[in-house]
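Student: Pick one part of this model and walk me through it closely, please. I'd like the side-chain packing and the cut-offs behind each term.

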Amino acid sequence: EFRRVLFRSGAQEIAGAEANDWYKLAMDELERFEPAFQQGTLGQVGEFLRIADGIADSLLKSDRLLAQVYAGTPGRQVITNPVNVAILATKLGMGLRYGRDELARVALGGLLHDVGMFNVPDAIISQTDPLSTSDREVIEQHPEVGAEIVATLGSSFGWLKQVAAQEHERWNGQGYPTGDRKSTRLNSSHL
């Protein structure tokens, strides 16, 4: 069902956008959804699906999006980080020889893996000093908050909920929020 929904947009819709447009579209969509994320819901993800398609297709054609990541794009970290992760993870997926469908799925996971960060106060996110214990606890809750937000999409996006929940888990058990060492984690969580 995921593939049918994800690829409904078709190549003709994504052919007109340049690499820079996909970066800007992704940033704009994250900003547009920020109030929904803060209220604990994701709503409709159709535009995110289209953008994930565009990122995958753009990277299959050229490295312009990758160059944009490395050049740095001004903006709030809570917005630019998921876009950069989507691009970098998709490029890694290409190196691992993922197919086109899986690359778009990785891009979507990158775009939405960090939605829980929208519930972390800006004062904590932008803090340059070491985090206090209570601030660190707030930060370490964002994967679980993000998983709850993504869960509002329904069971066909259960894999995405797992990506959001496990984004900071590490193979050696040093991650958070659970410190889980299970080997059953999705590859997409680690890209």
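**Rings and a buried loop**

Tutor: Let's start with Arg105, which lies over the face of Trp159, 4.1 Å from the ring centre; that label needs NZ of Lys or CZ of Arg within 6 Å of the ring centre and within 35 degrees of the ring normal. Bear in mind that this is a predicted model, where local features need pLDDT of at least 70 and side-chain atom pairs count only at pLDDT 80 or more, while totals for chains, interfaces and linings use all residues. Residues are numbered from 1 along each chain as its sequence is written, and side-chain values use heavy atoms, with hydrogens and water left out.

Now for the loop between helix H7 (100–112) and helix H8 (122–125), where Asp114 sits (helices are DSSP runs of H or I, at least four residues, numbered from the N terminus). Asp114 is buried at 9% relative accessible area (buried means under 20%, with a 1.4 Å probe and protein chains only). Leaving aside residues up to four places away in sequence, Asp114 touches Asn81, Pro82, His142 and Glu167 (heavy atoms within 4.5 Å). Its C-alpha is 7.0 Å from that of Pro143, 29 residues apart along the chain.

On to the rings: the structure holds three aromatic pairs (ring centres within 6.5 Å; under 30 degrees is stacked, over 60 edge-to-face, the rest tilted). One of them is tilted, Phe37 with Phe118, at 4.8 Å centre to centre and 45 degrees between planes. This pair links distant parts of the chain, with Phe37 in helix H3 (residues 19–38) and Phe118 in the H7–H8 loop, 81 residues apart. Phe37 is buried at 0%, and Phe118 is buried at 4%.

Technical notes. Helix = DSSP H or I, 4+ residues; strand = E, 2+ residues; numbered from the N terminus. Buried < 20%, exposed > 50% of the residue type's maximum accessible area, 1.4 Å probe, protein only. Phe/Tyr/Trp six-rings, centres within 6.5 Å; stacked < 30°, edge-to-face > 60°.
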